[in-house]
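Hi,

Here is the structure I promised to pass on. Have a look, and then read my notes on the charged side chains below.

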Amino acid sequence: MVVFELDEVEIDHCLGCRGIWLDSGELELLLESVQEKNQVLTSFEIDKTSHEKKRKCPICLKKMDKVSWGKDKKVLIDKCRNGDGIWFDAGELCEVIDTVSIDRNNKIISMLKDVFRNSLTK
Ligand SMILES: [Zn+2]
């Protein structure tokens, strides 16, 4: 895992699987406006029907919940049941950002997209 720092947010990025780990609260820090936070956080929904393989939380090592996110296009992400944080598979964070109408001028979002779009094409 390597750590990127964007503003004061540390983002763990696994070079092996290209996934991204955000500690609890970091996602909120990446979203600047109250509307963005509300929009993103209220669209989380635990998906009990998913048959995707469950991942283990890198912090508490328990299996994480599958959570679907987004209104039109659902993206399945993994969320720690103890609230340690959220895991995004390769590209999922970019997909999620694309599904919500986040301010395109959000500096951190655009940096993040650059960082991961680049790392995905390597
Ligand atoms: Zn955990």
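K66 and D78 are both buried (under 20% relative accessible area, with exposed over 50% and partly exposed in between; 1.4 Å probe, protein chains only). The two form a salt bridge, with their closest N and O atoms 2.7 Å apart; the term means a side-chain nitrogen of Lys or Arg within 4 Å of a carboxyl oxygen of Asp or Glu. K66 sits in strand β5 and D78 in strand β6, 12 residues apart. Strands here are DSSP runs (E, at least two residues), numbered from the N terminus. Through shared partners, salt bridges join E52, R55, K66, D78 and D89 into one network.

This is a predicted model, where local features need pLDDT of at least 70 and side-chain atom pairs count only at pLDDT 80 or more, while totals for chains, interfaces and linings use all residues. Residues are numbered from 1 along each chain as its sequence is written, and side-chain values use heavy atoms, leaving out hydrogens and water.

K66 also meets E52 in a salt bridge (3.0 Å, N to O). E52 comes from the loop between β4 and β5, 14 residues from K66.

Another salt bridge pairs R81 with D65, at 2.8 Å between the closest N and O atoms. R81 lies in the loop between β6 (75–79) and β7 (85–88), and D65 in strand β5. R81 counts as exposed at 53% relative accessibility, but D65 as buried at 16%. The whole structure has 5 salt bridges.

Cheers

Technical notes. Helix = DSSP H or I, 4+ residues; strand = E, 2+ residues; numbered from the N terminus.
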